[in-house]
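Subject: Structure handover

Hello,

Here is the structure I said I would pass on. My notes on it follow below the entry.

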Amino acid sequence: MLLKELRVEFRNKQTVNSFIILSVLILAAFRFAFSVVEPPVEDIAGPNLWMSIFFAGMLALSPSWKREVEQGTRDGLRVAPIAPSDVYLGKLLANLVVVFALEAVVVVVVVFLAFFPGTSPDWPALLAVLVLGTVGFVALGNLISAISSNLAQSEVMLPVLLVPLLLFTVVISCVGATARVFSGATVLEVGDELRFLAAFALVYIATGYLSIEYVLEG
Amino acid sequence: MSRQQSLRIPVLAVAAALTLVAVYMALMFASSAPDVDGGDVQRIMYLHVASAWVSYVAFAVTFVAGIMYLRTRDLRWDANALSSAELGVLFCTLAITTGPMWAKAVWGVYWRWADLKLLMTLVLWLVFIAYLALRANTPDRRMGASMGAVFSSVGMLCVPLSFAANRIWTQYHPTVIGTSKGGLQVSMGATLGVAVVAFTVLYIFLMLARVGIERARDELEELKQKAGDHLG
């Protein structure tokens, strides 16, 4: 399943590339918007980084289930001898690869070009926040993408359903932790946020794993 | 008349009577200590807490009814889930509009973004508005029922977090239930109790009415189907 997803995703290099371009554009747009008020660079780097990841990531998640509906392959998945939960896990891993690829570019831009020419943050801490935050985001996003693929106006419905759920769980902790990492915190100092993120990542993977069956059956 | 329809009037009567008692008690008792907790403004609390309470109950009902729908595939459960979500959004709207009215008088600002309780409740409200948007965008009734059930079971996470936010993290939002410090006077506690019960009964009445509409709609669909089969 994972391999199939990855093949589809990278067969069309245009798509992955356009997500990456989009995320860099969002980054630039927000950097420019914030430059009007000139806040300290450490303060806006975290929010900026995540805004770019969440918005571009959401667009990347959207087609993952939508194309199964559009191309009529969803029924194939339903009758294929694979458990729905494994379909979910396969898509989850494939989406993670895509979003991590996107993040690699965004982080490099944020850390080395746009915000900190010269100083660099504590890398283990930054990576830990990024990985845990992304797993939570993609785990939930994958489930919601499956739900919204069944709806009218699915491209709009994905963010409408996903943003409120992400706001209080993943977004708050990610942005908070990243802001502190950028102002010099180490892994141990953001331990509370990391535990929170890990808990939500686990909860969302479990929810998706258990309930995807109902979403696929409709 | 079905059993549910015949229940409606007595339930409405009880809700109305209890609400009157609550209003009476709120007017009587709070004035005994006008200087504490912002004087007259404090009376908003009865409406605010009762609405917030009902919205938590309503969302919990949506969640449970959603799970029951997934288990039984009985559309009657889904009628309960959808109706309860609508009422929950209504009462949650009341709670997050009465809150700022009180806050403006006591805190001096309408809203504090740093307060996680406020943020969680806003998010809860948004989650169930999104739920209603989901239901509005499903072409197929059964599809909407199962998608809604899965979505509301994730959204249900917000309810305990919103309720417990001021207990887990120290925040501005006052904690009045179940704490020794900053608790209520007995008379105020009693008033709040009556108000909460009154609103809960009101919720039950509205549920009976709303579920009735949903049932009637389902029956109508069935009849149309049958008529269609008959003619076609």
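A residue counts as buried here if 20 or more other C-beta atoms lie within 10 Å of its own. A:Arg180 has 20 C-beta neighbours inside 10 Å, so A:Arg180 counts as buried. Please keep in mind that this is a predicted model.

A:Arg180 sits in helix α7 of chain A, which covers residues 154–182. Apart from neighbours within four places in sequence, the contacts of A:Arg180 are A:Ala185, A:Glu189 and A:Val190. A:Asp192 is 12 residues away from A:Arg180 along the chain, and the C-alpha atoms of the two are separated by 12 Å.

Confidence

For chain A the mean pLDDT is 81, and 91% of the residues score at least 70. Within chain A, helix α1 (residues 2–11) has the lowest mean pLDDT of the elements, at 68, while α6(A) has the highest, at 89. Chain B averages 82, with 84% of its residues at 70 or more. For the complex, the predictor gives an ipTM of 0.82 and a pTM of 0.84.

Helix α6 of chain A

This helix runs over residues 123–148 of chain A. Its 26 residues should span 38 Å at 1.5 Å a residue, and the end C-alpha atoms are 36 Å apart, which agrees. Most of α6(A) is covered, with 22 of its 26 residues buried.

Where the chains meet

The contact between the chains takes 17 residues from chain A and 23 residues from chain B. On the side of chain B that touches chain A, the elements giving two or more residues are α4 (116–136), α5 (141–155) and α6 (158–168) of chain B. Of these, α5(B) gives the most, with nine residues. By class, that side of chain B has 17 nonpolar, five polar and one charged residues.

Two helices of chain B

How do α4(B) and α5(B) pack, and at what angle? The angle is about 170°, and their axes are 10 Å apart. The two helices are therefore roughly antiparallel to each other, since angles over 145 degrees are counted that way. From α4(B), the contact uses B:Val127, B:Phe128, B:Tyr131, B:Leu134 and B:Arg135. From α5(B), the contact uses B:Gly144, B:Met147, B:Gly148, B:Phe151, B:Ser152 and B:Gly155. The residues of this contact divide into six nonpolar, four polar and one charged.

Regards

Methods
Residues numbered from 1 in each chain as written. Chains lettered and ligands numbered in written order. Predicted model: local features only at pLDDT ≥ 70, side-chain atom pairs only at ≥ 80, totals over all residues. Helix = DSSP H or I, 4+ residues; strand = E, 2+ residues; numbered from the N terminus. Expected span 1.5 Å × (residues − 1). Buried ≥ 20, exposed ≤ 12 C-beta atoms within 10 Å, placed from the backbone. Contact = placed C-beta atoms within 7 Å. Nonpolar A, V, L, I, M, F, W, Y, C, P; charged D, E, K, R; others polar. pLDDT = per-residue confidence, 0-100. Axes fitted to C-alpha atoms, helices over the stretch in contact; angles between N-to-C directions. Parallel < 35°, antiparallel > 145°, perpendicular 65-115°, else oblique.
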